[in-house]
2 protein chains.
Amino acid sequence: MTQGAFAQRYDNLRRMVDRSLAGAVTQNRPKDVTAACRFALAEGGKRLRAIIVLLACQAVGGRARAALNAGCAVEIMHNFTLVHDDIMDHATVRRNLPTVHSKWNLNQAVLSGDVMAFIANECFLQTPQRHLLKVFKVFNKAAIEVCVGQQLDIDFEKAAIVTHEEYLRMIDLKTAALMAASAKIGAIIGGADEKDSEILFEFGRNLGLAFQIQDDLLDIYGDAKVFGKIMGGDIISNKKTFLHVKALEIASVEQSKLLNEQFGLKEFDPETKVKKVTEIYDQLNIKNISERLANEYISTAFNLLGKVSIANERKTELVNIANSLIGRNN
Amino acid sequence: MTQGAFAQRYDNLRRMVDRSLAGAVTQNRPKDVTAACRFALAEGGKRLRAIIVLLACQAVGGRARAALNAGCAVEIMHNFTLVHDDIMDHATVRRNLPTVHSKWNLNQAVLSGDVMAFIANECFLQTPQRHLLKVFKVFNKAAIEVCVGQQLDIDFEKAAIVTHEEYLRMIDLKTAALMAASAKIGAIIGGADEKDSEILFEFGRNLGLAFQIQDDLLDIYGDAKVFGKIMGGDIISNKKTFLHVKALEIASVEQSKLLNEQFGLKEFDPETKVKKVTEIYDQLNIKNISERLANEYISTAFNLLGKVSIANERKTELVNIANSLIGRNN
């Protein structure tokens, strides 16, 4: 499949997910309850998790459409956590738009997130019944892990030192768990056996780890327009990203001092702070180190995919999505 | 059954629920994630919803224990909404203890509530499999209604006038929906047919409506120690309770003016405000009007119970719990 064909295919799936999501939040509920939910779920998201569900289902021989409700459930659950995470992070912008609590207020953001959690359950309840219990268990376990990961992320804010192992453990829960679950849920609905479902779970997990590191990189080395966030936002808010914790781990005494100085500033010019921290990251080769690690996770994902007992041509789209996550052309 | 025997029986069930809840929040999760959840679920709650699940199950011929996980799920879901409602209401005290966001902080309260929603799902997943899908649908529908009710409650804050019909519609969603679902879930697990399950749903709904009006009354006419809240807190915070909306509906021009004056004060002595508003409530006979309405809902609940196709002696405990809700001795 050519790169263009994959992009086209991805767009088609995304539109299918968008339509289904729009339906999920407008059923029989008063307008004012769903306004914020609809906003949180409005087009613009990549729908990555839903599409992993659909592609995993299809890869093992199922029809993508059979996994659509489950895919939407995962996507709604993910966006629910974003609404609440944005509260916790005091984030004002997401995907080039105001966050829910900025556009409305705190109460509306708390409540809209809550109702999204139950709308996600509702979508799951429309999964073919013979798979329902099994996939719901996978989903709910991941949902709890996402919360535990968010707890660790919150705890990191107060921690003086976070090792890169601790950081990876956090993103394993906060980000990778749901992508792992997405691949497994798709696989189960597509009719995969226990072994293949488990391998695809690990495939999704490694994808998630690569994705998060890539996401951390994009905060500094990405394109603001494409990314839909303020550039260097993680540096400005002292967020402990992979770049941050790795840099502090390998920095010289002098570099550590400079970094901690920047991260300790009460008042600062954001642009200068981003520039100074990025300079040290560059001295430490942090971009390469991070890219190398993301690539390692993608390689592990490919190795796992090789072990799934389906024909190789069925795996192409999962390979494509993995490559696209780390900005690699096929 | 004597009143003492019922109190004893209720206590036994509550202890069973407490033990099960304690287990639900400590399984395999890091300490820091569950500290706030455990606090939110700590002993002290009446466990009313869980006990309705258990008693409904038993009334139709099932074993209470078979419904224990579902009862805990409902209870966890209820307490999750309390944690988030307390954020939205800026409430600092619940059951004589600080609210989660007061004891910890906003972020911890948002996140702990979220994880409780998924722990509730987890409890549901342990329901006997042949009933699982059916009861989970009932539960999730109610959960969405609770959120919709909370949205209406939030909207009321800004509304100039709320009619008592609008108020009843709000508590029907915010409070009664989950108590209706509790009775139906218990009934389904206990093996009731569709018709009896539906009647018990309506039974629970009327119980919930009576309960909320009683709860509104207790804010002024209750015992602060027993109630575990600041007395007159609803008046101090201008909360639109049944008493508030009904009083404004039947007040004379002069009384309306006095009430709106009190509810419009930016700075005030809380005690004086509660005293002045209560005086007008008393002139308007609001206590009696409210008690009469709560009693009507309880009567409706009893009529419904009469229609359930089980022997009358099986209904005793449901009658007892209904009476206890409005402080009526058996």
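Two residues are in contact here if their C-beta atoms, placed from the backbone, lie within 7 Å. With that in mind, welcome to a short tour of this predicted model.

**Figure 1. Chain A as a whole, a fold of helices with two strands.** Residues 24 or more positions apart make up 74% of the contacts in chain A that have a separation of 6 or more. Chain A contains 16 helices along with its two strands. Its radius of gyration is 20 Å, close to the 20 Å that the globule rule gives for 330 residues, so chain A is as compact as a globular protein of that length. Along the principal axes, the C-alpha atoms of chain A fill a box of roughly 60 × 50 × 35 Å. Of its 330 residues, 49% count as buried.

**Figure 2. Helices H13 and H14 of chain A, side by side.** Here you can follow H13(A), residues 253-263, and H14(A), residues 270-283, whose axes come within 10 Å and cross at roughly 155 degrees. Angles over 145 degrees count as roughly antiparallel, which is why H13(A) is described as roughly antiparallel to H14(A). The crossing of this pair is left-handed. From H13(A), look for Gln255(A), Leu258(A), Leu259(A) and Gln262(A), which meet Lys273(A), Lys276(A), Val277(A), Ile280(A) and Gln283(A) of H14(A). Sorted by class, the contact between H13(A) and H14(A) has four nonpolar, three polar and two charged residues.

**Figure 3. Helix H16 of chain A and what covers its buried residues.** H16(A) spans residues 316-325, and Glu317(A), Leu318(A), Asn320(A), Ala322(A) and Leu325(A) are buried in it. The cover over these buried residues includes helix H1 (3-24), helix H3 (48-59), helix H9 (194-221) and helix H15 (286-306) of chain A. Just after H16(A) comes Gly327(A), a residue with a positive phi of about 65 degrees.

**Figure 4. Ile161(A), an exposed residue in a loop.** To find Ile161(A), go to the loop between helix H7 (129-158) and helix H8 (164-189) of chain A. Ile161(A) has 10 C-beta neighbours inside 10 Å, and so it counts as exposed. Met77(A) lies 84 residues from Ile161(A) in sequence, and their C-alpha atoms are 31 Å apart in space.

**Figure 5. Val135(B), a buried residue in helix H7 of chain B.** We now move to chain B, where Val135(B) sits in helix H7. Val135(B) is buried, because 25 other C-beta atoms lie within 10 Å. Leaving aside residues up to four places away in sequence, Val135(B) touches Ala70(B), Thr127(B), Ile185(B), Ile188(B) and Ile189(B). Ile51(B) is 84 residues from Val135(B) along the chain, and 16 Å separates their C-alpha atoms.

**Figure 6. The meeting of chain B and chain A.** On the side of chain B that touches chain A, helix H2 (31-40), helix H4 (68-88), helix H6 (106-124) and helix H7 (129-158) of chain B each supply at least two residues. The largest share of that side, 14 residues, comes from H7(B). By class, the residues of this side of chain B divide into 19 nonpolar, seven polar and six charged.

How values were computed. Residues are numbered from 1 along each chain as its sequence is written. Chains are lettered from A and ligands numbered from 1 in the order in which they are written. This is a predicted model: local features need pLDDT of at least 70, side-chain atom pairs count only at pLDDT 80 or more; totals for chains, interfaces and linings use all residues. Helices (H or I, at least four residues) and strands (E, at least two) are DSSP runs, numbered from the N terminus. Ala, Val, Leu, Ile, Met, Phe, Trp, Tyr, Cys and Pro count as nonpolar, Asp, Glu, Lys and Arg as charged, and the others, Gly among them, as polar. A residue is buried if 20 or more other C-beta atoms lie within 10 Å of its own, exposed if 12 or fewer, and partly exposed in between; C-beta atoms are placed from the backbone. The radius of gyration is taken over C-alpha atoms; the globule rule is 2.2 Å times the number of residues to the power 0.38. Axes are lines fitted to C-alpha atoms, for helices over the stretch in contact, and angles run from 0 to 180 degrees between N-to-C directions. Angles under 35 degrees count as roughly parallel, over 145 as roughly antiparallel, 65 to 115 as roughly perpendicular and the rest as oblique. A crossing is left-handed if the near helix is turned anticlockwise from the far one by less than a right angle, and right-handed if clockwise.
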